[in-house]
Amino acid sequence: MIILIGSKKGGVGKSTLATNIAAFLITKGKDIVLVDSDRQSTSANWAHDRSESNLPQLECVRQYDNIRKTLIDLSRRYEHVIVDCQGRDSIELRTGLLAADICIIPCKPSQPDLDTIPIMIGVINTAREINENLKAFCVLTMTPTNHTITEKADSIAYLDDYPDIKLLNTIISERKVYRDAIATGYGVTEMDNDKAKLEIESLIMEIMTW
Ligand SMILES: Nc1ncnc2c1ncn2[C@@H]1O[C@H](COP(=O)(O)OP(=O)(O)OP(=O)(O)O)[C@@H](O)[C@H]1O
Ligand SMILES: [Mg+2]
């Protein structure tokens with residue numbers, strides 16, 4: 001299965017999700033490869049840090065420009081291919097979506113981020129003209145845990161108007177442990193934070209069973 005994490009927007013938590021999904025699946029004994037298609041190399045740097053630890057190891061491949069064929073080839077060799085894209089409408093995003101089974105679009109619960117979702121839906125629907133079984137999910141990320149802030153409810157209401165993508169029930173909160181994990185080669189499911197662990201487990205469960 002090819003799971004691509006993509007967005008038109010930078011800094012929404014794509015690499016954080018890609019690395020955490022990869023770490024979770026590898027600790028479950030799945031045969032996976034992480035593809036970093038962003039020259040910024042956040043995921044590749046994370047995988048390098050991980051390679052210097054005693055944690056269960058994974059393959060990480062850097063691949064740029066037209067990544068479609070590489071993703072298809074990798075999906076024949078690995079059970080799961082996790083793809084981290086850069087934060088813009090790139091050739092990697094467009095070509096990756098032609099091969100992907102699932103696209104996860106992280107979105108922060110704020111209006112400038114929400115405004116990019118209709119454009120991403122256009123990108124998804126263009127890919128679906130060729131890759132008609134492409135599933136697309138939006139997940140709220142870096143969401144404040146302070147319940148007096150209404151941005152979460154407002155964002156859910158906004159995204160409900162877009163049936164072409166499924167808004168996940170799982171919400172990724174703003175937690176320091178996500179920053180600690182990506183800086184050290186860990187996944188949050190390998191760290192001492194039950195709330196973050198539950199968020200990643202529940203996200204993976206939702207996308208795998210939908
Ligand atoms: N849930 C979270 N809680 C706290 N910090 C987070 C969370 N998700 C991401 N961050 C932090 O926010 C910053 C941006 O996250 P990340 O690099 O994952 O985003 P990105 O979408 O991949 O960015 P880019 O578009 O630049 O590739 C990083 O410093 C990361 O550690
Ligand atoms: Mg990134």
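At roughly what angle do the axes of H1 and helix H9 (residues 194-209) cross?

1. This is a predicted model, in which local features need pLDDT of at least 70 and side-chain atom pairs count only at pLDDT 80 or more, while totals for chains, interfaces and linings use all residues. Residues are numbered from 1 along each chain as its sequence is written, and chains are lettered from A and ligands numbered from 1 in the order in which they are written.

2. The axes of H1 and H9, lines fitted to C-alpha atoms over the stretch in contact with angles running from 0 to 180 degrees between N-to-C directions, come within 10 Å and cross at roughly 85°. The two helices, H1 and H9, are therefore roughly perpendicular, a term covering 65 to 115 degrees. Asn20, Ile21 and Phe24 of H1 meet Ile200, Glu201 and Ile204 of H9, contact requiring C-beta atoms, placed from the backbone, within 7 Å.

3. Around ligand 1 there are 20 residues, the closest being Gly10, Lys14, Ser15, Thr16 and Gly87; a residue belongs here if its C-beta atom, placed from the backbone, lies within 6 Å of the molecule. Helix H1 (14-27) and helix H8 (176-184) each supply at least two residues of this shell, helices being DSSP runs of H or I with at least four residues and strands runs of E with at least two, numbered from the N terminus.

4. Ser41, in the loop between strand S2 (32-36) and helix H2 (42-51), has a positive phi near 65° although the residue is not glycine. Asp65, in the loop between strand S3 (59-62) and helix H3 (68-77), likewise has a positive phi near 65°.

Key: Angles under 35 degrees count as roughly parallel, over 145 as roughly antiparallel, 65 to 115 as roughly perpendicular and the rest as oblique. Two residues are in contact if their C-beta atoms, placed from the backbone, lie within 7 Å.
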